[in-house]
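Biologist: I'd like to learn how to read a fold from its coordinates. Could you take me through one, feature by feature?

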Amino acid sequence: MFMVTVTYAASLDVVDRFRPAHGDWLKQLISQRLLLVAGRQIPLTGGVYLASEMSTEDLGRLLATDPYVLNDVATHSVVEFTPLLVAAGLEDLKGQ
């Protein structure tokens, strides 16, 4: 599993121009269970995703299609990890 942090590389007024396309991109990936969670950082300096099990290369290709990245308004940072302890109801994430 991967934790991805998104860092805005442009002002919010520029980022906001691409927010609808980025939102559609996120919704599609979540519907396919390629991303499991997506949300905004507080304060609003970017976002955070949890990505399902896939190869690092596949994740890189996927993240390269983010409208924020395509328009040079954000960058991604990736941490791979193995969930060992999970809350009740999230057992299917264990060991990913």
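Modeller: We'll go through the sheet, a helix, a pocket and some backbone details in turn. First, this is a predicted model, where local features need pLDDT of at least 70, side-chain atom pairs count only at pLDDT 80 or more, and totals for chains, interfaces and linings use all residues. Residues are numbered from 1 along each chain as its sequence is written, and side-chain values use heavy atoms, with hydrogens and water left out.

Biologist: Fine. In what order do the strands of the sheet come?

Modeller: General idea before that: helices (H or I, at least four residues) and strands (E, at least two) are DSSP runs, numbered from the N terminus. Two strands pair if DSSP finds at least two bridges between them. Here, 4 strands make an open sheet with antiparallel pairing, in the order 2-3-1-4. Strand 2 (35-40) and strand 4 are the edge strands, each pairing on one side only. From one strand to the next, the twist averages 15°.

Biologist: And how many bridges hold strand 1 and strand 3 together?

Modeller: That antiparallel pair runs over 6 bridges. You can pick out Val6, standing opposite Gly47 in strand 3, and Thr5, whose bridge partner in strand 3 is Val48. On the other pairing, strand 2 and strand 3 are antiparallel over 5 bridges, with Ala38 bridged to Tyr49 of strand 3. A hairpin of 5 residues joins strand 2 to strand 3.

Biologist: Which strands does helix 1 touch?

Modeller: For contact, look for heavy atoms within 4.5 Å. For angles, axes are lines fitted to C-alpha atoms, for helices over the stretch in contact, and the angles run from 0 to 180 degrees between N-to-C directions. Helix 1 packs on the sheet and touches strand 1, strand 2 and strand 3. Its direction makes about 160° with that of strand 2.

Biologist: Now helix 2. Which of its residues are buried?

Modeller: Buried means under 20% relative accessible area, exposed over 50%, and partly exposed in between (1.4 Å probe, protein chains only). In helix 2 (residues 56-63), the buried ones are Leu59, Leu62 and Leu63. They span an arc of only 95° around the axis, which puts them on the same side of helix 2; that arc is taken from the directions from the helix axis to the C-beta atoms. The face turned away from the buried side carries exposed Glu57 and Arg61. Asp58 is also in helix 2, and it counts as partly exposed because its relative accessibility is 36%.

Biologist: What covers the buried residues of helix 2?

Modeller: The cover includes strand 1 (2-8), helix 1 (12-31), strand 3 (46-51), helix 3 (67-70) and strand 4 (74-80).

Biologist: Next, pockets. How much space lies in the largest pocket?

Modeller: The search uses a 1 Å grid over the protein atoms alone: a pocket is an open set of points with protein on both sides within 12 Å along at least five of seven lines, and lining residues have an atom within 4 Å of a point. Grid points are joined across faces, edges and corners, and the volume is the space filled by probe spheres set on the points. In this model the largest pocket has about 160 Å³. Of its 13 lining residues, Arg19, His22, Leu26, Gly39 and Arg40 are the closest to its centre. Helix 1 gives the most to that lining, with 4 residues, while strand 1, helix 1, strand 2 and strand 3 each supply at least two.

Biologist: Last topic, the backbone. Where is the cis peptide bond?

Modeller: Check omega: the bond joining Ile42 and Pro43 is cis, with omega about 0°. Pro43 sits in the loop between strand 2 and strand 3. Pro43 and Asp58 are 15 residues apart in sequence and 30 Å apart in space, C-alpha to C-alpha.

Biologist: Which value does phi of Arg33 lie near?

Modeller: Phi of Arg33 is near 60°, a positive value in a residue other than glycine. Arg33 lies in the loop between helix 1 and strand 2 and, at 49% relative accessibility, counts as partly exposed. Asp72 also has a positive phi, near 55°; this residue is in the loop between helix 3 and strand 4 and counts as exposed, at 63% relative accessibility.

Key
On a 1 Å grid over the protein atoms alone, a cavity is a set of points where a 1.4 Å probe fits but cannot get out, and a pocket is an open set with protein on both sides within 12 Å along at least five of seven lines; lining residues have an atom within 4 Å of a point.
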